[in-house]
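Welcome, and thanks for having your viewer ready. Please load the model, colour it by chain, and follow along stop by stop.

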Amino acid sequence: MTFVELNFLIFIAITALVFYICPVKFRWLVLLASSLVFYGIAGVKYFPFIFVTSFSVFLAGRGMGRIYENMDKTIAEGEYDRKEKKALKDAAKKKCKKILVLLLILNVGILAVIKFTRFAVGPLNSLFGLLGADTHFNAAWIIVPLGISYYTFSSLSYLLDVYWKRVDYEKNYARFLLYAIYFPHILQGPIERYGKLGQRLKQELRFDYDRFCKGMQLIVWGFFKKLVIADRIDIFISGVYDDFRHTSGAMFLVAMILDVVYIYADFSGCMDIARGVSQMFGVELDLNFDHPFSAKSVTEFWRRWHMTLGGWFKDYVYYPISTSDLVKNIGKACKKKELPDWLTRSLVTVIPVTVTWVLTGLWHGTGKTYLAWGIYYAFMIFMSVTFGDSFKALGRKLNIKMDTWSFGVFQMIRTTCIFAGGRLLTRPGTLWLSKYALKTTFTDFKVWTLFDGTLYKYGLNEAGFRLAIIAILIFGIISILQLRGVSIRDSIGRQNIVFRWAVYLLAIFAVIIYGIYGPGYDAASFVYMAY
Amino acid sequence: MKKKNILKAIAFICIFVLIFNYISNVFRAKWLVGCSETYMMEEFYELEDNSIDVCILGSSQMVYGMSALRMLDKYGISAFGTATGSQPMLCTYFYLKELDKTQDFSTAILDISMLYEQEEDSRFRKTIDNVPFSKNKLDLIWEYTKGSDLQEKWENIFSIFQYHSRWDELEQGDFDYENMESSLFKGTALRGEVRNDIIYEDIVTDGGEIDSELTMNENQKKYFVWIVDYCKENDIHLVLIKTPKRSWNRTKQLGAAELAEEYGLDYLDFNSKELVEAIDLDIPKDFADPDHLNIRGTSKLTDYLCEYLLERYEYRDSRKEAYYDEAEMNRFRADFENKWLRTETDAVAFLKLLQGSDYEIALQASGDISAGLSDEIKTEFANIGIDVSEIKDNYVAYIKDDKCEYKETATEPIEYIGKFSDGKSFKLLSDVTDIESETKTYVAGNKTAYAMRGINMIIYRADSNKTIRCATLYVDETGTMRLR
């Protein structure tokens with residue numbers, strides 16, 4: 001069941017009804033039951049995976065938590081000097097570390113086997129073939145449980161947070177299972193931390209009319225972005241890449257530009273639906289997008305785009321590596337040899353940035369395209385971090401006014417182009433096609449194809465194009481207003497009831513009429529559902 | 001939740017449902033031509049309670065095979081046809097039940113063509129989309145989507161999910177179809193065309209070869225049995241028929257007869273020699289296309305079946321009932337008259353039909369054609385005010401109420417622009433030096449027929465503002481008078 005099925009809306013309606021009929025103290029159990037039903041509808045065969053991960057992490061969390069509790073108790077009850085206390089702490093940490101490593105191996109292992117086996121069998125078979133061995137691996141048996149990347153990352157963040165004593169361990173498995181499997185975020189995130197979502201789910205989930213209505217409004221807005229914008233322009237983009245041999249550079253360029261809008265509308269639309277559904281139950285989910293195309297640099301962009309994933313990698317991959325002994329030693333060695341600052345910064349940055357972005361790439365997908373995507377961003381961010389100051393200095397020397405709005409727009413366009421470059425590596429499907437599209441854009445542009453009707457030959461007719469442009473403009477205007485601090489929902493909420501309801505009904509029927517869904521279409525699934 | 005909020009929520013939902021319902025109705029695909037499910041449904045749900053005694057079931061063969069209003073006009077039997085093009089038996093069963101909700105009919109006549117045809121998804125949609133929400137509709141959807149996921153069931157219940165993408169192709173008929181003209185009368189329609197290349201062997205299946213591999217469609221048969229059972233349970237006399245059509249054969253004929261026998265039902269196969277002769281079917285004149293009768297064939301079949309029913313069962317004379325609609329009957333009679341005229345292939349009979357009628361005639365001819373005209377035809381022309389001996393070089397005329405209101409003969413080319421009594425203009429051209437290069441007759445600026453050597457006529461009816469027929473009387477290479 002995806003978010004764009006009528007079944008999902010009916011599921012939400014039934015869940016909401018049961019949820020609010022139930023006494024407050026049992027409402028979290030309704031959410032747990034509905035999450036299990038939601039997951040069960042996707043496939044009962046996936047249950048063992050989620051139970052293994054959630055139960056193993058729960059047990060490990062409890063184990064580590066109890067080790068720390070015992071240690072604290074021992075220290076509190078006994079009279080130890082500082083050295084002895086440290087020794088006790090180190091001993092506890094060591095025990096916990098063993099548990100942590102074991103659990104990381106288990107769960108990252110499961111994730112890796114499921115995600116990478118198919119990617120690895122081809123090269124492995126070729127290798128064995130070259131070595132003359134009569135071995136043939138088959139990956140057809142691999143099943144990919146729904147939301148495995150999301151619940152694994154959420155669970156591991158809990159485990160690491162318990163290990164680092166950032167959160168108290170959970171004593172109730174059902175509570176922990178709800179955190180891991182909570183249905184609004186299991187499909188596409190956001191990747192929630194136990195310290196936030198786990199605690200929110202423990203609050204008294206009381207009915208709040210305004211919050212409930214706002215949740216529904218957010219859902220409608222999410223559907224608008226997903227069904228009216230993303231899925232509509234996806235028809236054109238897919239058409240262009242499917243028929244690439246007969247496609248001009250101008251068409252590729254339009255597809256590249258629209259692809260940026262597509263991925264943003266698709267993913268943020270899904271996030272709005274997830275957050276809106278959760279709001280209906282009184283549970284806030286973390287924001288996953290904060291107007292990413294207003295970012296003036298790549299690093300800022302990734303603080304605004306898929307924020308929970310970026311935050312996860314920053315907290316659990318980037319920081320641990322950049323504060324590791326290896327990196328510290330590199331830094332010390334550089335200072336000892338009195339290397340220039342930029343070189344020291346480069347050498348200290350290169351390892352954590354590369355590891356983080358290659359892993360981020362592989363989280364998104366397992367093919368060469370995603371590996372290239374990871375390397376691409378590692379390079380871009382490495383350049384930005386290492387040479388950012390040098391670029392600014394160069395700008396000043398060239399007398400470029402960097403505090404003007406036009407320069408700000410230039411920076412935003414530059415950032416968007418870098419993002420579009422990243423999309424170009426993955427969207428066409430193969431690196432060869434990415435290269436072909438880029439080459440055609442520069443060598444065979446055929447500008448007239450923008451005006452002679454060619455634009456409408458890729459599955460989206462003229463009326464569809466016009467509609468898409470209007471919808472994108474609405475999306476853009478609302479985004480700009482939000483960026484300026486205007487809360488659209490609050491602003492509409494303050495209007496008279498006739499206007500307010502007219503807007504709501506207009507929005508709902510715009511989705512119903514202009515959305516791409518139903519048997520007339522093979523609606524594209526949400527892009528981020530495959531992770 | 002405060003009481004005020006509850007009321008607000010209810011009000012919002014009500015407004016939403018109203019708009020949703022309206023939009024669903026606008027967006028659903030309309031079938032406003034052919035067997036026109038949309039119009040049939042409109043009539044279906046407007047029927048007065050207990051006003052129907054005979055239900056006509058089946059596929060398009062029944063839409064055009066029987067005439068419900070002829071049954072009423074001539075025999076006093078009130079009937080309604082729920083047949084539509086390639087209607088699956090499951091939909092037929094649904095209509096039977098749906099009609100039974102408001103009607104107390106005692107007889108159902110079912111054409112069994114579909115027993116040998118595949119079920120088409122689009123045919124289900126045509127039924128489902130036009131039906132208001134009811135338990136019957138849900139039963140139909142559940143049966144149709146058996147084995148499919150819940151999503152598909154929802155998509156059938158709410159047609160907007162299927163048709164919302166029509167937003168860029170909406171037209172007047174989507175908003176205003178109730179006010180658009182339908183050719184259906186109580187679910188049946190008359191065809192005004194003639195297909196004259198159908199021969200006796202195409203229709204009569206007696207003595208044909210047996211195809212041992214041809215079997216009934218299992219699904220269709222299953223729902224046929226549901227229909228039979230329903231009729232038995234509700235004391236409805238079920239009569240099975242097969243209207244004449246080319247795509248019927250001996251195997252199907254025997255299979256259907258066997259099935260009728262198995263369930264103890266009457267079965268009339270109008271592809272059999274016996275019944276073709278019994279209804280005096282004139283095969284080259286009575287078909288609109290190879291599988292459908294025209295008005296002439298329909299009249300014969302309807303008359304035969306009415307007499308058959310009246311011999312066996314009793315019906316009230318619905319012409320005397322309060323629900324009898326004289327205005328509707330007058331429209332039907334006019335439609336009947338027009339289509340009868342359109343299907344007339346004999347020149348003398350055609351000219352006779354014009355006499356004493358409401359038709360206005362705009363006529364054009366070029367050159368002397370009187371040599372090929374028989375005295376009988378000349379007389380019939382004279383009866384409508386035309387002296388054919390005057391037609392020599394260029395000639396145009398306008399006739400109304402059997403009188404020639406205007407005529408012009410000349411050796412020079414003529415261009416005459418006149419008006420019918422409803423004010424609609426027509427143009428007649430006559431040029432003996434250029435007879436066949438371009439159209440010579442126009443109504444309201446539109447071409448009405450191809451130019452032909454002979455007497456070209458526009459038959460117009462002012463009370464319905466319609467051109468009924470564009471006819472040409474001509475003499476062929478063998479010297480025979482033809483009507484086209």
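Let us begin with a rule for the pairs ahead: a salt bridge is a side-chain nitrogen of Lys or Arg within 4 Å of a carboxyl oxygen of Asp or Glu. This is a predicted model, in which local features need pLDDT of at least 70 and side-chain atom pairs count only at pLDDT 80 or more, while totals for chains, interfaces and linings use all residues. Residues are numbered from 1 along each chain as its sequence is written, chains are lettered from A and ligands numbered from 1 in the order in which they are written, and side-chain values use heavy atoms, with hydrogens and water left out.

**Stop 1: the domains of chain A**

Select residues 6–203 for domain 1, 208–289 + 450–531 for domain 2 and 292–427 for domain 3 of chain A; such bounds come from an automatic or database domain assignment. Now keep domain 1 and domain 3 of chain A in view: 29 Å separate their centres, taken over C-alpha atoms.

**Stop 2: where domain 1 meets domain 3**

Here 15 residues of domain 1 of chain A are in contact with 14 residues of domain 3 of chain A (contact means heavy atoms within 4.5 Å). The two domains bury about 1400 Å² between them, with carbon and sulfur atoms giving 66% of that area. Buried area is the accessible area (1.4 Å probe) that two parts lose on being put together, summed over both. Select F153(A), I191(A) and R193(A): they supply 38% of what domain 1 of chain A buries against domain 3 of chain A, more than any other three residues.

How many salt bridges are there between domain 1 of chain A and domain 3 of chain A? The count is one. Show the side chains of R193(A) and D315(A), which form a salt bridge with their closest N and O atoms 2.9 Å apart. On the domain 1 side of this contact, α4 (82–130) and α5 (148–163) of chain A each give two or more residues; helices (H or I, at least four residues) and strands (E, at least two) are DSSP runs, numbered from the N terminus. The largest share of that side, seven residues, comes from α5(A).

**Stop 3: a stacked pair**

Over all chains the structure holds 92 aromatic pairs. Rings of Phe, Tyr and Trp (its six-membered ring) pair if their centres lie within 6.5 Å; planes under 30 degrees apart count as stacked, over 60 as edge-to-face and the rest as tilted. Zoom in on F153(A) and W312(A), a stacked pair with 4.0 Å from centre to centre and 25° between the planes. F153(A) sits in helix α5 and W312(A) in helix α12 (residues 307–322) of chain A, 159 residues apart.

**Stop 4: chain A against chain B**

Zoom out to the two chains, where 27 residues of chain A are in contact with 24 residues of chain B. Together they bury about 2300 Å², 76% of it on carbon and sulfur atoms. On the chain A side, highlight α1 (6–21), α9 (209–242), α18 (462–483) and α20 (497–514), each of which supplies at least two residues. Which helix gives the largest share of the side of chain A that touches chain B? That is α20(A), with ten residues.

**Stop 5: chain B**

Finish by selecting domain 1 (29–336) and domain 2 (345–483) of chain B, whose centres are 39 Å apart over C-alpha atoms. Then find K135(B) and D139(B), whose side chains meet in a salt bridge (2.9 Å, N to O). Both lie in helix α7 (residues 135–144) of chain B, four residues apart, about one turn of the helix.
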